[in-house]
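Please examine the sequence and the structure shown here before reading the briefing that follows.

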Amino acid sequence: MTKTLSLLEKSKKTVINETRKVLAQGGLVVFPSDTVYGLLVDATNENAVKKLIRFKNRPHGKAISVFIPDLNNLHQYVQVDHRQDKIIRTLLPGPFTVILKSKHQTSKLLESENGTLGVRVPFYPLIFDLLNIYQKPATATSANIGGRSPHYSIDSLLKYIPQEKQNLIDLIVDGGKLTRNKPSTIVDLTNPKIKVLRRGDVELKNPTTYISQSAKQTQKIACFLVGKYQSKTDGKPLVFIIQGDLGVGKTEFVKGAATNFQITNIISPTFVVYYEYEINTGKLEFGTQKFYKFIHYDLYNIEDAEEFRYLGLDEALKDGSIVFIEWGEKLGEEYKKIKKQAKAIYITIKHIDRQTREIHVAEQGV
Amino acid sequence: MIILAIDTSCDETSAAVTKGQMVIANVVYSQVLVHQKWGGVVPSLAKRGHEERIDWVIDSTLKKAKITKKDLDYVAVTYGPGLAIALEVGINKAKEIASEFDKKLIAVNHMEGHLYSSFVQNSRGNPKRDWQFPYLGLLVSGGHTELVLFSSHVEYQILGETRDDAAGESLDKAARMLGFGYPGGPVIEKLAKEAQNVDQYHFPRPMVKINNLEFSFSGLKTSFLYYLQKLSDQEKIKNLRFLASSYQEAVFDTLVYKTNQAIKKTGVKRMLMGGGVAVNARLRQKVRALVRTSGGSIYFPPFSYLNFDNAAMIGVAAYYRAKIGLIVQSADEFDRVPRLSLLQSTKN
């Protein structure tokens, strides 16, 4: 009998506890994620994995990825050398599945024919919390039958999955309608050259350069990048200095970043130079520093560095601020101040063709 | 009801003394500068230095109105939308005066000021325009583009607004791409007029097909950029007027299309326009044509200065807020709201 739990702010603890119990008993759980609804089973439990494969009609030898509790535990499950570690730390946590040589600590049924394993560390508080309590990896595969589309809501899932399959599910965690993010980008790191096996929302050329094919994708990349740096500020304000020509998507980048803070009304601040948004901190909890203010500068109309005297940059560079500065190249001397007082990330967006943009990220400016 | 109004929402430091709908005095700092000090050019250093000039602006306004702070009934101030650090200067000054002279404060949304700007009268009480609610307001400026249902005094509903660039900003940026300085809107208007406002290039009308009243001008900006990149400098210079004209047509057609949709959706045919872009003769022509075909009417701000940032319109909006008792309850808690929406200022 399938049990369903609704995911609400107040029911979070119960959901995590119940899921943990079901996983420990070898059960199959439908669970929300940063991408689509996924199927969780204990990745170290052979019988549970078999049940999952039966559900998915998965041919043998076709790999299934796993969620790892913590980036620092990764080497327990897969072989990671220095080069790979560096790349992994730029991608995870995030919407990526990274393929590495397995250490066979999880069920062999999850591996590919070459003995590789796909690992995910999502930027998704609920899974992070669950696995940190459970302390074992869980499978990370979409809750659909092989070859069918993934699901973004429980309604659609129940509608399209036949009853006999549904009977295999032990627990459904209903997180409502998920944001329509694509499944993760799959990156094979087992060869010297990085290979992208499946394109998700965040596509990369190399670990510091991302590729966007649309304004929406620029937003998704920004959302990922900002989420990543949010917890790495050493208590300082976080400043993104954004450069790129007119029409390259700088404001789209900021829009995407703002979604991390539930801010949905970003517009171009060109005319007023900057807009300030309050962050409702009640909603943020996942290993992130607390931010209170989201400040969006656009220096397009700045002609004279003297104008900074009237632009409140000192005010902006306070603890608890996350700041985005479009046309960052106009910062002049103020740039040194930012470098000193804040954690600065440099984003350069380039036109490649009409649709395509390259988004370059650097922690040290040039 | 004598109100001292202050607006420091962006570049301009402005104060006004109003009595009901009448403006007794209105001072905008940069205009004074242009006329008196620098002979036409506002140095960029003077931009946004509200702190350094607010006292002077207020004192001049009161002097012009021949009153003192004691004579005031209320102090009104813009608390958003706008530049945080600039808004702060006006609010702090308003609080200071209110506290020293024991006056009540009125918090005004800059955009409601623009809505009321068509009903601002000079010191003789002209023009006399009757109120015939509801109105459909089209507010277009360098920083804003929105369609508002103005159903009665201090009652607003946003029908649509921009998701990215404002219409005025879009025109400014196009001018910059063509090699002109800021502000570019008037340059585009002039070039377009020289080309008889023809639409030679048919740039995309952003979001015209989508069935809502939201605006988006950033895509148009990008397609313009790509088009220009394909042209040689010579071609660009040769076709300058046609490029400007076609771009302006794309922006204005979008505004007119969405306005027409709003008229159809709400059934409201009496229109108001406000904001800096509303002085553009081509836009006025297009909106007037729309009003004619829909059988409605339209008011523009009666004096040109009312299109731009000014405290006079803030004073008039404040008058209608005060009339229904919408005054600031606690000065201590009263703060700027940089992304203030009209939805936060409506009485219901």
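This is a predicted model: local features need pLDDT of at least 70, side-chain atom pairs count only at pLDDT 80 or more; totals for chains, interfaces and linings use all residues.

**Briefing on backbone, burial and overall form**

N57(A) lies in chain A, in the loop between helix 2 (46-56) and strand 4 (66-67); helices (H or I, at least four residues) and strands (E, at least two) are DSSP runs, numbered from the N terminus. Residues are numbered from 1 along each chain as its sequence is written, and chains are lettered from A and ligands numbered from 1 in the order in which they are written.

**Backbone features**

- Most residues other than glycine have a negative phi, and most peptide bonds are trans.
- N57(A) has a positive phi near 55 degrees, and its relative accessibility of 47% makes N57(A) partly exposed (buried means under 20% relative accessible area, exposed over 50%, partly exposed in between, with a 1.4 Å probe and protein chains only).
- V154(B) also has a positive phi, near 60 degrees, and is placed in the loop between strand 7 (145-152) and strand 8 (155-161) of chain B.
- V154(B) counts as buried because its relative accessibility is 0%.
- L92(A) and P93(A) are joined by a cis peptide bond with omega about -5 degrees, and P93(A) sits in the loop between helix 4 (82-91) and strand 5 (96-101) of chain A.
- F133(B) and P134(B) are joined by a cis peptide bond with omega about 0 degrees, and P134(B) belongs to the loop between helix 4 (110-116) and strand 6 (135-140) of chain B.

**Cysteines**

- The count of disulfides over all chains is zero, where a disulfide is a pair of cysteine sulfur atoms within 2.5 Å.
- C223(A) is partly exposed at 25% relative accessibility, whereas C10(B) is buried with a relative accessible area of 2%.

**Chain B as a whole**

- Chain B contains 11 helices and 10 strands.
- The C-alpha trace of chain B spans about 65 × 45 × 35 Å along its principal axes.
- The radius of gyration of chain B is 20 Å, which agrees with the value near 20 Å for a compact globule of 348 residues; the radius is taken over C-alpha atoms, and the globule rule is 2.2 Å times the number of residues to the power 0.38.
- Of the 348 residues in chain B, 61% are buried.
- Among contacts (heavy atoms within 4.5 Å) in chain B between residues at least 6 apart in sequence, 75% join residues at least 24 apart.

Conventions. Side-chain values use heavy atoms; hydrogens and water are left out.
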